[in-house]
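This report is written for a reader who is meeting the structure for the first time. Please look over the sequence and the model before reading on.

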Amino acid sequence: MWYYVDPHSGIPIYVQLKEQIKKAVATGLLTEGEQMPSVRELALQLTINPNTVAKVYQELEREGVIQTARGLGSFVAERRKDFGLQQEGSLDSALEKLMVEAYQLSVDADTLYERFVKKLTTWKDRLWKGVRDNEPGH
Amino acid sequence: MNLAIEFENLSKNFGEKKAVDNLSLQVPEGSIFGFLGPNGAGKTTTVKMMLGLLRPDGGRGRVLNRDIGRESEAIRSKVGYVAEVQEMYRYMTVQEIISFCKPFYPHWNDLLVKKYLDFFQLPAREKIKSLSKGMKTQLALILGMAPEPELLVLDEPTSGLDTINRQEFLRIILEEIAVQGKTVFLSSHLLHDVERVADQVAILNQGKLIDIRPIDNLKTSVKKIRVVFQKDVPEELFSQPGIQSYTREENAYLLSVEDNLQEILNSLKKYPYFVLDIINQNLEEIFIEKVRRDQE
């Protein structure tokens, strides 16, 4: 995986890196169980502060995206199977953000629906996999 | 949180001029602290007081838990210092200055010195005055890192280097100092370098501290908002906390926001608008605006 940050952007480096890793996991560029570079490696590779990389890893771990095994390193976590209240909240707020954006872009409901379904089709394999994984016996 | 550096109301006057004016700041251990300011802001004076090379006229300071007044010798033996390169003895050869510096420190890593002499291809028998500006900077870095310091203090270290060498220089500091959990104090007016590696930043102007916080916090809270309303809105809307200043043209406003971004957005959205954009600010933009506002 090829990591990239723009230190001179107005978006903090840790936000850029975190979003990039989450997206890479969601799109399958990083696969479950894959080892992440160490904090040291990634900091030197990108020439950024190791504390920044450590902060990203801590937050990703808290969100269940990666798992750290002491002495072994960090790995892409298995996808969480527990879709509970907290996850429902996260999903709702993400959807709400989408609605707000749509409103501000003057997109009407029909157009939004159309685009949403279109986007969903391209993501179907990834999202469908999640459903299958959650079924007992798999 | 352990502190590598702690200043309390540190002051220094040169005649009538207040070079450093009641400066208080804390540098956490293991951080890379970017100390920013325009030329003449008092950065070098601060660095020299930190190392006991200048006596403060007021206030107190501790570096690595030692008093900068009474224990400056102990501080200097534990701190690596990369000054502006012109201060090195010009008549010595590279090897001579290394042998000259070594006895001042309780630790000296010969392997590290050799590693980076080779890496930078610095000629050991060459006199310092015949080295290029970039080579002098590289030599100063080696001398600063050789004592394996708990704290590396750099004062405008990269001014003599081109872009590629500057990034290499930063990478070496990360590898040899920051990754080991040691502290870096980077005083510079080169914002690009600081923006890349610092986790904390302080901005000094005319001897006074005008801001100090984690760089992530700075970039998350300092924004501009461009908003175009559909009709007139009450002016009180722009007097809420967090809005530093704004300019107006008809129903279009450009706001400079320092804090409370979410609350401000929520209150703006209560009025019908055509456009509402949040404009991110990088370190250079934040720096210029803060210094300019301070000078007004």
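The model is a predicted one. Chain A has an average pLDDT of 86, and 89% of its residues score at least 70. In residues 134–138 of chain A, however, the pLDDT is below 50, and this stretch has 3 contacts in the model beyond near neighbours in sequence. Where pLDDT is low, the predicted coordinates should not be read in detail.

| Domain of chain B | Residues |
|---|---|
| Domain 1 | 3–218 |
| Domain 2 | 223–280 |

Taken over C-alpha atoms, the centres of domain 1 and domain 2 of chain B are separated by 41 Å.

The largest nonpolar core contains 89 residues, of which B:L36, B:V153, B:I173, B:V184, B:F185 and B:L186 touch the most other members. One of these, B:L186, is in contact with B:I32, B:F33, B:G34, B:F35, B:L154, B:V194 and B:A198, when its neighbours within four places in sequence are left aside.

Between the chains, 22 residues of chain B are in contact with 17 residues of chain A. On the chain B side, the elements that give two or more residues are α6 (163–178), α7 (191–197), α8 (215–221) and β14 (273–280). The largest share of that side, 6 residues, is supplied by α6(B). By class, the side of chain B that touches chain A comprises 8 nonpolar, 7 polar and 7 charged residues.

Notes. Residues numbered from 1 in each chain as written. Chains lettered and ligands numbered in written order. Predicted model: local features only at pLDDT ≥ 70, side-chain atom pairs only at ≥ 80, totals over all residues. Core = buried A, V, L, I, M, F, W, Y, C linked by C-beta atoms within 7 Å. Buried ≥ 20, exposed ≤ 12 C-beta atoms within 10 Å, placed from the backbone. Contact = placed C-beta atoms within 7 Å. Helix = DSSP H or I, 4+ residues; strand = E, 2+ residues; numbered from the N terminus. Nonpolar A, V, L, I, M, F, W, Y, C, P; charged D, E, K, R; others polar. pLDDT = per-residue confidence, 0-100. Domains from an automatic or database assignment.
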